Amino acid sequence: MGVVNTGIRRRARLLGEALRPPRQLKGPGAEAVPAARTSPEAATPQQAPAKAGPKRSRPPKKTVEPEYGVAVVPRQVEAPVFVLAPVRSGSTLLRMLLNSHSRIRAPHELHLRTVGVDLTPGFSDQSMLELGLDKAELEHVLWDRVLHLELERSGKDVVVDKTPGNVWAWERLKHAWPRAKFLFLLRHPEGVVTSLENRRSNTATRAQLEANALKYFEPLERARTTLDGHTLTYEDLTADPERVMRGVCAYLDVEFEDSMLEYGEQDHGRFRPNFGDRSANIKSGRIQSARTFGESPDGMSPRLAEYAAAWGYR
């Protein structure tokens with residue numbers, strides 16, 4: 001019986017050694033330590049670094065007009081407000097002032113033009129078409145619901161989206177909301193380029209920055225000369241905010257409120273990348289004076305000068 005027990009124990013020991021995880025060495029001549037006994041923290045440096053996922057490309061800075069194949073369905077928000085402005089033009093300040101009004105909800109940048117739906121050919125596309133909805137109109141319904149949710153959550157009745165990318169979607173926004181209102185926010189072209197140039201993360205040349213700014217200027221000017229809307233400038237907004245905001249409120253058919261000028265007293269959500277300006281100036285909660293430029297600042301190209309003249313900067 002003893003011989004049998006000894007044999008069983010021997011087989012169990014051999015089986016255990018066969019199944020034991022391989023040993024790892026800490027260094028030359030170091031004592032072998034079973035891998036199973038190594039702490040996760042100690043094992044981490046020996047693991048291959050995880051590969052970063054593919055970097056997603058930014059949406060194109062150009063107008064993409066879809067084909068409209070169905071009628072516009074009724075909207076939950078009949079007359080949203082869209083700010084059309086280039087980057088670095090003070091649009092975050094404008095949204096803070098608007099969001100400080102008791103009736104106006106102006107959330108962070110929504111990037112609606114990049115929010116889409118995917119329909120499977122032969123299935124969902126045909127099913128939705130039977131309901132009078134194609135891809136473009138389904139996206140408009142989704143955008144409309146997002147805006148309506150913001151009003152429901154805030155308890156307000158006027159919603160404003162100030163995403164700079166709206167300059168490439170203004171025709172679509174007008175189609176989706178025939179009663180939409182538009183605010184055109186301008187800034188001296190040199191001010192836009194200089195602001196881009198002064199960003200800490202900037203690595204672009206002056207020519208590249210001008211080209212980037214001009215991608216916003218051209219569709220903005222087309223919208224401004226086509227749509228009915230209200231135009232204001234960043235320089236006037238910072239120099240005489242009460243007068244300018246009274247004009248904005250009159251256009252939006254709401255009463256001006258003094259609290260709008262004290263935007264730092266309100267909660268406007270988190271400051272995050274791609275949500276709007278995150279500079280110390282905007283976080284200060286106070287309206288800062290805008291930098292001004294002469295009629296033809298040194299270094300301003302003829303194309304920038306054309307927009308400066310068209311926008312009334314003399």
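Two strands are taken as paired if DSSP finds at least two bridges between them, and helices (H or I, at least four residues) and strands (E, at least two) are DSSP runs numbered from the N terminus. The structure is a predicted model, in which local features need pLDDT of at least 70 and side-chain atom pairs count only at pLDDT 80 or more, while totals for chains, interfaces and linings use all residues. Residues are numbered from 1 along each chain as its sequence is written, and side-chain values use heavy atoms, with hydrogens and water left out.

Five strands form an open sheet with parallel pairing, in the order β4-β5-β3-β6-β7. β4 (104–105) and β7 (230–233) are the edge strands, each pairing on one side only. β3 and β6 run parallel and are joined by four bridges. Within this pair, F82 stands opposite F182 in β6, and the bridge partner of V83 in β6 is L183. Helix α8 packs on the sheet, touching β3, β6 and β7, and its direction makes about 130° with that of β6; contact means heavy atoms within 4.5 Å, and axes are lines fitted to C-alpha atoms, for helices over the stretch in contact, with angles running from 0 to 180 degrees between N-to-C directions. β3 also pairs in the parallel sense with β5 (residues 158–161), over two bridges, and V81 stands opposite V160 in β5.

In a regular strand the side chains alternate between the two faces of the sheet. β3 is covered on both faces, with V81 and V83 buried on one side and F82 and L84 buried on the other. Buried here means under 20% relative accessible area, exposed over 50%, and partly exposed in between (1.4 Å probe, protein chains only).

A nonpolar core is a set of buried Ala, Val, Leu, Ile, Met, Phe, Trp, Tyr and Cys residues joined through side-chain atoms within 4.5 Å. The largest such core has 38 residues, of which F82, L84, L147, W177, F182 and F217 touch the most other members. At least two residues of this core are supplied by each of β3 (81–84), α5 (135–154), α6 (170–176), β6 (181–186), α7 (189–197), α8 (206–226) and α12 (302–310). The largest share, seven residues, comes from α8. Leaving aside neighbours within four places in sequence, L147 is in contact with V77, P80, F82, L110, L112, V159 and W177. A second, separate core of 28 residues includes V81, V83, A106 and A290.

Two helices are largely enclosed. In α3 (residues 91–99), nine of the nine residues are buried, so this helix is largely enclosed by the rest of the structure. One of them, S91, has a relative accessible area of 5%. The side chains of S91 and K162 are joined by a polar contact of 3.1 Å, a polar contact being a pair of N or O atoms within 3.5 Å; within protein, one must be able to donate a hydrogen and the other to accept it, and residues adjacent in sequence count only if both atoms are side-chain atoms. Not counting residues up to four places away in sequence, S91 touches A85, K162 and L185. Helix α7 is likewise largely enclosed by the rest of the structure, because eight of its nine residues are buried. The cover over the buried residues of α7 includes α8 and α12.

A salt bridge is a side-chain nitrogen of Lys or Arg within 4 Å of a carboxyl oxygen of Asp or Glu, and by this rule the count comes to 16. R105 forms one with E150, the closest N and O atoms being 2.8 Å apart. R105 lies in strand β4 and E150 in helix α5, so the pair ties together parts that are 45 residues apart in sequence. Both residues are buried. Within α5, the side chains of E139 and K135 meet in a salt bridge at 3.0 Å, N to O. E139 is buried, with a relative accessible area of 7%, whereas K135 is partly exposed at 41%.

Most residues other than glycine have a negative phi. R88, in the loop between β3 and α3, has a positive phi of about 55° although it is not a glycine. D253 has a positive phi of about 60° and is not a glycine either; D253 lies in the loop between α10 (241–252) and α11 (280–283). R88 is partly exposed, at 29% relative accessible area, and D253 counts as exposed at 61%.
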